[in-house]
Each structure stands twice: as structure tokens, then as C-alpha cells.
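Colleague: Please take me through this model step by step, as I am new to it.

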Amino acid sequence: MEDWMNQLDWAWLQWLALGIFGFGAVGGALYLFFTKNILYGAYGLLTSLISVGGLFLMNGAEFLAVSQIMVYVGGILILIMFGIMLSAKGEKKEDALKVVNVNSLVSLLFAAVMAGGLIFYSVKMGGSRSLAEPSAEQVQDLGMSLMTTQVLVLELVGVLLLIVLIGASYIAKK
Amino acid sequence: MQFFENTVVGLYLMARNFFFIFLFVLGGFLMLTVILMIAKLLRPTKPNPEKDSTYESGEEAAGDAVISFNIRFYIIALIFLLFEVELVFLFPWGTVFGNADLIEETNGNWAWYAITEMFVFIGILALGLVYAWREGHLDWIKSEQIESNFKAEVPLEAYDKINKKYS
């Protein structure tokens with residue numbers, strides 16, 4: 001890294017990025033929870049998922065961030081949107097995309113318990129985690145173990161994906 | 001607290017690694033904002049209902065933007081998603097596949113091993129694609145062309161004559 005970069009004050013950038021991603025993640029999820037239009041809810045989910053990807057990036061998990069963006073944002077969210085657009089039907093035009101929350105209290109409680117557990121464990125694990133190494137090597141290590149010690153797992157994942165593909169297309173056909 | 005300390009360290013590393021990307025993102029937003037602001041300052045604003053309507057190549061816009069899709073899109077998206085999951089596994093593989101040291105140490109066997117392994121991995125999922133294809137999950141419903149029995153009274157030569165006359 002060049003010399004002048006060392007002299008910059010990074011603190012503002014760090015907190016700015018944390019603020020943007022954190023706000024996006026929480027805000028998107030809250031919007032999804034409270035919105036009445038399911039399509040807008042999907043946009044809220046989009047914001048939330050991208051922001052979580054950003055948070056992964058900030059914690060040095062680049063591979064996880066790329067996977068998050070590719071699989072969740074680029075794949076699963078598109079699938080959800082297709083699902084919405086396939087099933088959008090209502091008595092009136094305006095009702096087609098309307099959502100009604102039936103279990104707000106239970107789902108909020110569930111989310112609170114999940115969040116509490118996650119925070120508890122991440123605080124607990126925080127001490128043993130080291131971030132000294134930048135993650136360029138992490139992906140390499142992952143590739144190395146995927147090709148050597150975990151190669152059977154890799155092929156099993158391939159078989160699993162095959163099963164999912166066959167099953168999913170079979171169900172979708174029905 | 002150790003957790004927050006680690007987060008700060010992580011933030012620091014990210015800020016260093018992604019400083020240029022961040023600059024590009026920032027630059028993109030700024031450029032767009034500045035250009036749109038300039039346009040807003042320069043342009044005259046005289047809206048009328050005609051201008052405010054949605055532009056559909058001169059056609060009158062009809063119906064709703066939210067319509068039901070063809071169900072086939074869903075299956076295509078599903079297959080795409082599975083191949084995307086596969087693609088995620090290709091990233092770490094790609095970083096070690098061409099490793100010069102490893103190839104040299106093993107007389108090139110490493111590269112053959114790695115590429116075979118990956119082709120097996122891709123091949124397994126390609127089997128699924130072949131299955132979906134064979135079973136007709138990928139077939140699109142084609143609209144039928146109905147042939148009409150209309151017989152024109154004007155003979156074809158008449159068109160030729162006119163074309164010649166005015167060419």
C-alpha cells in the first residue's frame with residue numbers, strides 16, 4: 001500500500017460504511033416487515049441482503065460477501081420476485097400485491113430471540129477471532145482444501161445440487 | 001469489548017482494501033447527481049398531460065405494469081440459481097487451479113487433477129440440466145400460427161407491374 005494512504009485518517013470512512021450498511025440492513029428488514037405491498041417488500045429485502053453483504057465485506061469475509069450477493073441477491077431474490085409476479089392475483093387490481101401480517105407478534109418475538117442468540121454468541125466468540133490477516137489468502141485456503149482434503153464434499157455438493165435440480169423442476173412442472 | 005475492537009480492526013482493513021472501490025462508488029453517485037442537477041437547472045419545465053404519460057413508442061399505454069408472468073420463467077430461474085451456487089464454488093477453485101508452484105512441484109499433475117475434479121463437479125450438475133431438457137421442462141409454449149385460406153384476387157404479377165412502373 002502506498003505511503004500516502006497510511007497517512008489518511010480512516011476512521012470516518014469506517015464509521016460511514018458501517019452506518020450505511022447497518023442502516024440498510026435494519027431499515028430494509030423493517031420496511032419488509034411493515035410494508036403493505038409485497039413487491040416493495042421484495043425491494044426492502046434486496047436492500048437488506050446487499051447491506052448484509054457489505055457487512056460481511058467489512059469483517060474480512062470477502063468470499064462470503066460475494067456468495068451473499070451472487071446467491072441471495074442475484075438468485076434467490078429474483079426467484080422470490082418471479083414467485084410474486086407469477087402468483088399476483090386479486091379480486092381487484094390493487095389487491096394483487098397486498099400483504100397482510102397475521103402473526104406480527106410471534107414473528108417479532110422469534111426475530112428477537114434469534115437476534116439475541118446471535119449477538120450473545122458473536123460477543124462470546126469475538127475474543128477468539130483474529131482479523132490480522134487480510135482475506136486474500138482465505139479464498140485460496142478454501143480452494144486448496146476444497147481440492148484436497150474436502151474434495152469428496154465438493155462432489156457430494158454437486159450431487160446434492162443435482163438432486164435439488166431434478167426435484168425442483170419436477171415439482172415446478174406439476 | 002473485544003467484539004467491537006475486532007469490528008473496528010475489520011473496518012480498518014476493509015477501508016484500506018476497498019478504498020478505491022469506495023471512491024468509484026462515490027464518484028458514480030456524485031457524477032450522476034451533478035449531471036442530473038445541471039440538467040434540472042438548464043431545462044425548461046412545461047409539463048402537460050401528454051408529456052406526463054408513459055412513453056410507449058407512441059402507443060397509448062394500456063393495462064397494468066404488474067402482470068402475471070409465464071410460469072416457465074420460474075423453472076429457468078431455478079436452474080439458473082443452482083448453477084450460480086455451483087459458480088460460487090468455482091471462485092476458490094480458480095485461485096488455486098493455476099498455482100505455478102504447485103504445478104511445478106507435481107510436474108503438471110496438479111493442474112490436470114484440479115481441472116478433472118472441477119469438470120466432474122460441473123458434469124454432475126450438467127446431467128441435471130440434460131434431464132430437465134429431456135423431460136421438456138425447458139420447452140417454451142409457442143404461439144400457434146393459424147394459416148388462413150384467404151385467396152387474394154389481385155394476381156402477383158400486378159404487384160410486379162406496379163413496382164416496375166414506379167421504380
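Predicted model: local features only at pLDDT ≥ 70, side-chain atom pairs only at ≥ 80, totals over all residues.

**Two helices of chain B**

Colleague: At what angle do helix α4 of chain B and helix α6 of chain B pack?

Modeller: Helices are DSSP runs of H or I of at least four residues, numbered from the N terminus. Here α4 covers residues 72-97 and α6 residues 109-134 of chain B, and their axes are 11 Å apart. Axes are lines fitted to C-alpha atoms over the stretch in contact, and angles run from 0 to 180 degrees between N-to-C directions. For this pair the angle is about 175°.

Colleague: Which term describes how these helices run, and on what is it based?

Modeller: Residues are numbered from 1 along each chain as its sequence is written, and chains are lettered from A and ligands numbered from 1 in the order in which they are written. Angles over 145 degrees count as roughly antiparallel. The two helices are therefore roughly antiparallel.

Colleague: How many charged residues does the contact of α4(B) with α6(B) have?

Modeller: Residues are in contact if their C-beta atoms, placed from the backbone, lie within 7 Å. Those meeting here include B:Ile79, B:Glu86 and B:Trp93 in α4(B), and B:Ala114 and B:Leu125 in α6(B). Asp, Glu, Lys and Arg count as charged. Charged residues number 1.

Colleague: Which residues of chain A does B:Trp93 touch?

Modeller: Residues up to four places away in sequence are not counted. In chain B, B:Trp93 touches B:Ala114 and B:Met118. In chain A, B:Trp93 touches A:Gly143, A:Leu146 and A:Met147.

Colleague: Where in chain B is confidence lowest?

Modeller: Chain B averages a pLDDT of 82. Helix α2 has the highest mean, 89. The lowest, 61, belongs to helix α1 (residues 2-17).

Key: Parallel < 35°, antiparallel > 145°, perpendicular 65-115°, else oblique. Contact = placed C-beta atoms within 7 Å. pLDDT = per-residue confidence, 0-100.
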